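This briefing goes through one model in two steps, beginning with a single site and then turning to the chain that holds that site. Please keep the sequence and the structure in view while reading.

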Amino acid sequence: VSRTGTPGADVSPNTGRRVRRLLRWYPPSWRRRYGDEFAELLLAEMAEQPSNPRRTINVMCNGLLARLTQAGLTSHELPPGDQMRSGLAALGCALAAFGAFAVAMLSQLATGWQWTSPQSASATAGTLILTVAIGCLALIGAVAVIPVAGLAARAIARRQPGLIWPTALAATSAAVLVIGTRHFQNGWPGTGGTGVHHLAVPGGLAAFGWASTLSVSSYWVHPGLLARFPLPEVAWMALSPLALAGVAAGLVMVVRRLDFPSRLLRYLTVLTAAASLIAVASLAGAASWVLGHGPGQAGLFRPGLVNAAGLAIMAAALVVALRAASGVLRACRAA
Amino acid sequence: VPHGAVDHGPLVTFGRYAGPATLILSSLAGGAKHGYALTKDIEQFAGVRLAPGTLYEALSRLEGQGLIEAVPSDDRRRPYQLTTAGAQALRVHLADQRRVAEVGLRRLSKTWGSA
């Protein structure tokens, strides 16, 4: 903020700071386009009325709205190319959050099944649906990431700016996630036994899912019990979501900065639609267990508060994913 | 627009920003203005003070739809002007509003008498 909003008026350092702080609610691309003129408007408004909490809240809310718009999640349409890239990035993040909670839920059920078969149809159906759905989502994720990684590698080889740091962030975070998970999966409470579910989810995979989602735990609201955990395990519970966020943030930045060929975009759009449908099935499976449990279920088959919270977060993530997917499909038709 | 359907113009897709968008377009119909001049003009003719965030959300939507455009300027307070598409959209939207207002006033007058 370098000049006055009203001709002749001086801008105090304090006002300049307030304007800069308010501008930070908006995403960088919005600030590049509208930042200067919006700062001028704010300065003029502040010259007229120095303090106005409603104005502050209005700017904060619209700044967050601009961020959602940039993520392709509002009715404000972006140009088709931007809409597709933003929508795919938002969809990836939403499905990553959805997947983390779904894997946490399945790992709890899979661990229980290592010891004994569930006594209720809801837990049985929930486990089987989640197993198939998460397997399909993992497969879709793999076939989506491979061509995007190839495109990113070619762009980096051509020295396209702005790709190295996000790629390094995603790769480092993924490495931390895998190495940490491999280390902590040694503490998996399963048996490696021979139940029916063991055929679908091998012990190693169940242990990996368990260790990667240790952070999804009700122990966070029981600090006394959490304090009895070994310190490295608590540190991992705090670090692993950050690592997952690092993977997602890196991939989002890469996806937003790549120029996708139209064929690849169409391919990703088909995968997007398929992943959304499977996520719906997955949520139905999780809900059938969490909401349909009876009094006969015990131990790991008894859904707790953390499972209900997980189900709510999965539902919210799915709403975001479906919204992003519909934006991607609309943009694909408009392109 | 499908056969037989009424074209309400692009502003109906603005949702809750249709109101601010109409006010902005109406203000720009009188000539190019920057953000603060728009705020003051709208306050004067409509009695509504658009908050800065709302104003710029509507401005960016209108610009994205090609209904307004930025005027090249060295001033940091960038002015905006109506495009031909914007003028047409405003005309359609105001005609719609006038139709609604006329129906409402006619029915009020018939049932409740004139004020």
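In this predicted model, A:Glu45 has a relative accessible area of 5%, and A:Glu45 therefore counts as buried, since that term applies to values under 20%.

**The site around A:Glu45**

- Within chain A, A:Glu45 belongs to helix H2, which covers residues 28-48.
- Leaving aside residues up to four places away in sequence, A:Glu45 touches A:Arg55 in its own chain, and from chain B it touches B:Tyr36, B:Thr39, B:Arg49, B:Leu50 and B:Pro52.

**Fold and extent of chain A**

- Chain A contains 12 helices and zero strands, so that its pattern, read along the sequence, is α-α-α-α-α-α-α-α-α-α-α-α.
- Taken along the principal axes, the box filled by the C-alpha atoms of chain A is roughly 80 × 50 × 35 Å.
- Of the contacts in chain A with a separation of 6 or more, 76% are between residues 24 or more positions apart.

- Chain A has 335 residues, and 44% of them are buried, a group to which A:Glu45 belongs.

Technical notes:
Residues numbered from 1 in each chain as written. Chains lettered and ligands numbered in written order. Predicted model: local features only at pLDDT ≥ 70, side-chain atom pairs only at ≥ 80, totals over all residues. Heavy atoms only, no water. Helix = DSSP H or I, 4+ residues; strand = E, 2+ residues; numbered from the N terminus. Buried < 20%, exposed > 50% of the residue type's maximum accessible area, 1.4 Å probe, protein only. Contact = heavy atoms within 4.5 Å.
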